[in-house]
Amino acid sequence: MNDFRNKNVFEPEEILIYVLAKLPVKSLLICKSVCKYWRSLICSPNFKRWHLIQSQETPSYIVHHYRPGNQIQLLTKIDRETTQILPSCIRFYFEGMVCSFNGLVCCIKHHTRHVCKCDHVDIRGMKKLSITICNPATQRFLLLPPASASDCPNHNNLCTVGVSFHSTINEYKVFQFFFSKQRPYECMVYSSITGSWKSLATSTVEHLESSNKHVCINGTVYWLCRSILDGWLVAHILAVDWDEKFSIIRIPEEETMNGILANLEGCLSIVVVVEDRPFRHRFDIWVLKDSKKSIWVKKFSDYMSFSTRDQILWVDVQINEILFGTRKQYALYNIHTRSRRVFNWAFGPYWSFSLSIAYAESFLPCNGRIDS
């Protein structure tokens, strides 16, 4: 009898971990001050890993709001029908959100250097890119060192940025593409383990659009690319796996230019939204079945209606849910039940929105290492 009871009784520490893992990071920061034991428990790698898993089961979104013509910046967390304004001390870094991974957010900001001459080369107006990794929950941030190519006068057009990560690896990689007339495309990759950049060969890269919107699935990063083929502008997908190998994936011929890449239940997908009549949008979802043969299957089609005739500004997908955002409203669509809920923004009509990204808060430091 005693043996049976012992097998089904949790240790006090296990119960405490289970309860604390359900709390948001804001509450855990307070709990760390209770006693040394709680602080040691909350800061342990096992707890950070368990808390991240719990947080990813109920993911949310963060949206960057701004008022054109002034410096007001807002970062809003969407958790189903509720919205929450995040603390303001690092909003500056969210002016160019790229992606979110394991509770961290990659942000970029363009700068213009006003130096006139350097080694007898005119670099007036040269653009420079700063990349910051932030944790909105802990209010920590890490400014990455500049890639060496960004200091080269020949690389004054910075094309795109992407982040590769894996849930089982304490590392992330940041890819940065550069363009110049002498050498069309070069790629630098940053490793959070080494803290430095290195150059990659990019023989398969033909043309990347200026958007930094991408998707990462199991360590492989995917960008939507456009190139000229026989005089026609066509689209395809550039992929870079965790081993830093490049490949090209063709997209369905029916959906050439208007696709949005998404991670749908662990599969690379394309969401295409078209306004078929006033107040209503039709969207199709294509799922990649074979990356080597570029075989796609249309999973389903449906319609999304809003109470006002407003353009859909962005679409984001996570697990079995799609977020549609307009200037006045946002909608959550459940793929399994085909149900939808539409909500009004709690802001006035003069706000603009730059991007929405899926987000699950965590206790991870900005170097991405759970054991640090």
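A residue counts as buried when its relative accessible area is under 20%, as exposed when that area is over 50%, and as partly exposed in between, using a 1.4 Å probe and protein chains only. Trp50 has 33% relative accessibility, so this residue is partly exposed. The structure here is a predicted model, in which local features need pLDDT of at least 70 and side-chain atom pairs count only at pLDDT 80 or more, while totals for chains, interfaces and linings use all residues. Residues are numbered from 1 along each chain as its sequence is written, and side-chain values use heavy atoms, with hydrogens and water left out.

Let us begin with the whole chain. The chain holds five helices and 26 strands, where helices (H or I, at least four residues) and strands (E, at least two) are DSSP runs numbered from the N terminus. Of its 372 residues, 49% are buried. If you look at contacts (heavy atoms within 4.5 Å), residues 24 or more positions apart supply 52% of those with a separation of 6 or more. The chain exposes about 19300 Å², and 52% of this comes from carbon and sulfur atoms; accessible areas come from the Shrake-Rupley method with a 1.4 Å probe, and for residues only the protein chains shown count as cover.

Now back to Trp50, which lies in helix α5. Together with Ile15, Tyr18, Val19 and Ile53, Trp50 makes a nonpolar surface patch of about 460 Å². Patches are built from residues with over 30% relative accessible area and no salt bridge, joining like charges within 9 Å and nonpolar side chains (Val, Leu, Ile, Met, Phe, Trp, Tyr) within 5 Å. A salt bridge, in turn, is a side-chain nitrogen of Lys or Arg within 4 Å of a carboxyl oxygen of Asp or Glu. Two elements, α2 (12–20) and α5 (45–57), each give two or more residues to the nonpolar patch, and α2 brings the largest share with three.

Next come the sheets. Strands of a sheet pair through backbone hydrogen bonds, either parallel or antiparallel. Two strands are taken as paired if DSSP finds at least two bridges between them.

Five bridges link β22 to β23 (residues 321–325): Trp314 stands opposite Gly325, and Gln318 is partnered by Glu321. Two residues separate the strands of this hairpin, and Ile319 takes a positive phi near 55° there.

How many residues of β22 are buried? Five of the five are, so β22 is largely enclosed by the rest of the structure. In a regular strand the side chains alternate between the two faces of the sheet. Both faces of β22 are covered, with Trp314, Asp316 and Gln318 buried on one side and Val315 and Val317 buried on the other.
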